[in-house]
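Please keep the sequence and the 3D view at hand while reading.

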Amino acid sequence: MESALVSGLQGLVLGILNLTPDHVIMLLIASALLYLGIKKGYEPLLLVPIGFGAILVNIPLAEMMGKEGFLRFFYDVGVLTEVFPLLIFIGIGAMTDFQPLLENPKIILLGAAGQFGIFLTLLLALAVGFDKLDAVAVAIIGACDGPTAIYVSSKFAPHMLGAVSVAAYSYMSLVPLIQPPIMRALTTEKERMIVMGAIRQPVSKTTKILFPIAVTIFASILAPKGAPLIGTVMLGNLMKESGVVDRLKSASENEIANIVTLLLGLCIGATMEADKFLRGQTLLVLALGFIAISLDTAVGVLFGKVMCLLTGGKINPLIGAAGISAFPMSARVVQVEGQKYNKKSYLLMPAMSANAGGQIGSVIAAAVMLSVLQGMGIVGG
Amino acid sequence: MDTWTFGWTLAVIGMTGTMLVLWILSLLILLLKKIFPYQESTAKKG
């Protein structure tokens, strides 16, 4: 009886005995993520489940990511198969209004320039010693698009999923702090004061319906490996614009997106086990992620300057900063920055066009990247 | 393939490819708008 009591009590202290300083550090990092999400309001929909998942996976002996752990089940089903980010893409497509882009299609080029940070960061990641596919996963933070970053990193570098996802979502929420200094540094006061004329051109409903179908067909033929990314976003958008499947559209942008966001967040947190996360490499991922988004902004603004020059000063280069996927946060940053220098300048609508271009641009950039990797024989067909 | 050949190839083709695909999409949008122009009467009915 006495030995049974001792054994029973040992069961209660085993967790404490197995608690290492690394576990404690990870629990503090997870708490910091929860603090940022709950108290500061930084991407709470993702940071709260990520933070909690990180707590669960760092409880000694709980084995949440063990062979039969419940987080392992969701990870295998939804992340390894890449299904979770794709389901979220359907919801994003259902929520996105491409009207500003359809009204002013030339601006879509700013959405391409806003992705150059991905490819420039790839070179930096290789320079600091990342493996080829790890470098791809780090660089994709520059897409400034959480699901795209998760899709690519879970495909090529699942061991880095936690660091890449945390970096992607953290920097996306910090766009209002990261972008303005770069925008100011690369433009003159005269350029920042440019008032852009009204560019509103109404778009027919037929065009809005055909747009997602045409994009899916053309872009997927050009970059077939990216068809799942392009197709899911455009399916969501087709459901929205067609107006005939309101129940499916509603489910995609509400129930499905909410459930998948919760499970995806938990799974990302579950990849943050102390032995995988507490490495020098994680700090490098965070630093390169910051550089990627800064480069996106810089190249976008510089491309805006080129367009300004080519159009005889009709385009305010500040809108180039909105050529990233952080929608509509980045467009708002441009509007606020423009207003600081010219109260008569209303850059919101053209910036929204660039921002919508950035949303498509990030998906296209990832699709192009995947297809080029396939073409080079780096990944299987 | 060595690291730098890989990096520069992916970077150059990636940037050019992204720009090219989005430029084609902008032409596609212009084409759709040309074929199916906005008509106020249709919009009011819809």
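Two residues are in contact if their C-beta atoms, placed from the backbone, lie within 7 Å. By that rule, A139(A) touches I118(A), F119(A), T121(A), L122(A), A125(A) and A292(A), with residues up to four places away in sequence not counted. The model discussed here is predicted. The points below are grouped by topic.

**The nonpolar core**

- The largest nonpolar core has 139 residues, and those with the most contacts inside it are A139(A) and V164(A).
- Helix α20 of chain A, residues 348–375, supplies the largest share of this core, with 16 residues.

**Helix α3 of chain A**

- Helix α3 of chain A covers residues 44–57 and has 14 residues.
- From its first C-alpha to its last, α3(A) reaches 19 Å, close to the 20 Å expected at 1.5 Å a residue.
- Which residues of α3(A) are buried? They are L46(A), L47(A), P49(A), I50(A), G51(A), G53(A), A54(A) and V57(A).
- The elements covering these buried residues include α2 (21–38), α4 (70–79), α10 (146–156), α11 (161–173) and α16 (246–270) of chain A.

**Helices α14 and α15 of chain A**

- Helix α14 (residues 205–222) and helix α15 (residues 227–242) of chain A pack at an angle of about 170 degrees, and their axes are 8 Å apart.
- Angles over 145 degrees count as roughly antiparallel, and α14(A) and α15(A) are therefore roughly antiparallel to each other.
- On the side of α14(A), the residues in contact include I209(A), P212(A), I213(A) and V215(A), while those of α15(A) include I230(A), M234(A) and L238(A).
- By class, this contact of α14(A) with α15(A) has nine nonpolar, five polar and two charged residues.

- Chain B has 46 residues, of which buried residues make up 30%.
- The secondary structure of chain B consists of two helices and zero strands.
- The contact between the chains takes 30 residues from chain B and 36 residues from chain A.
- Helix α1 of chain B, residues 3–35, gives the most to the side of chain B that touches chain A, with 23 residues.
- That side of chain B has 19 nonpolar, ten polar and one charged residues.

**Residue D131 of chain A**

- D131(A) is placed in the loop between α8 (116–127) and α9 (132–139) of chain A.
- Although D131(A) and I378(A) are 247 residues apart in sequence, their C-alpha atoms are 12 Å apart in space.

Technical notes
Residues numbered from 1 in each chain as written. Chains lettered and ligands numbered in written order. Predicted model: local features only at pLDDT ≥ 70, side-chain atom pairs only at ≥ 80, totals over all residues. Helix = DSSP H or I, 4+ residues; strand = E, 2+ residues; numbered from the N terminus. Expected span 1.5 Å × (residues − 1). Buried ≥ 20, exposed ≤ 12 C-beta atoms within 10 Å, placed from the backbone. Core = buried A, V, L, I, M, F, W, Y, C linked by C-beta atoms within 7 Å. Axes fitted to C-alpha atoms, helices over the stretch in contact; angles between N-to-C directions. Parallel < 35°, antiparallel > 145°, perpendicular 65-115°, else oblique. Nonpolar A, V, L, I, M, F, W, Y, C, P; charged D, E, K, R; others polar.
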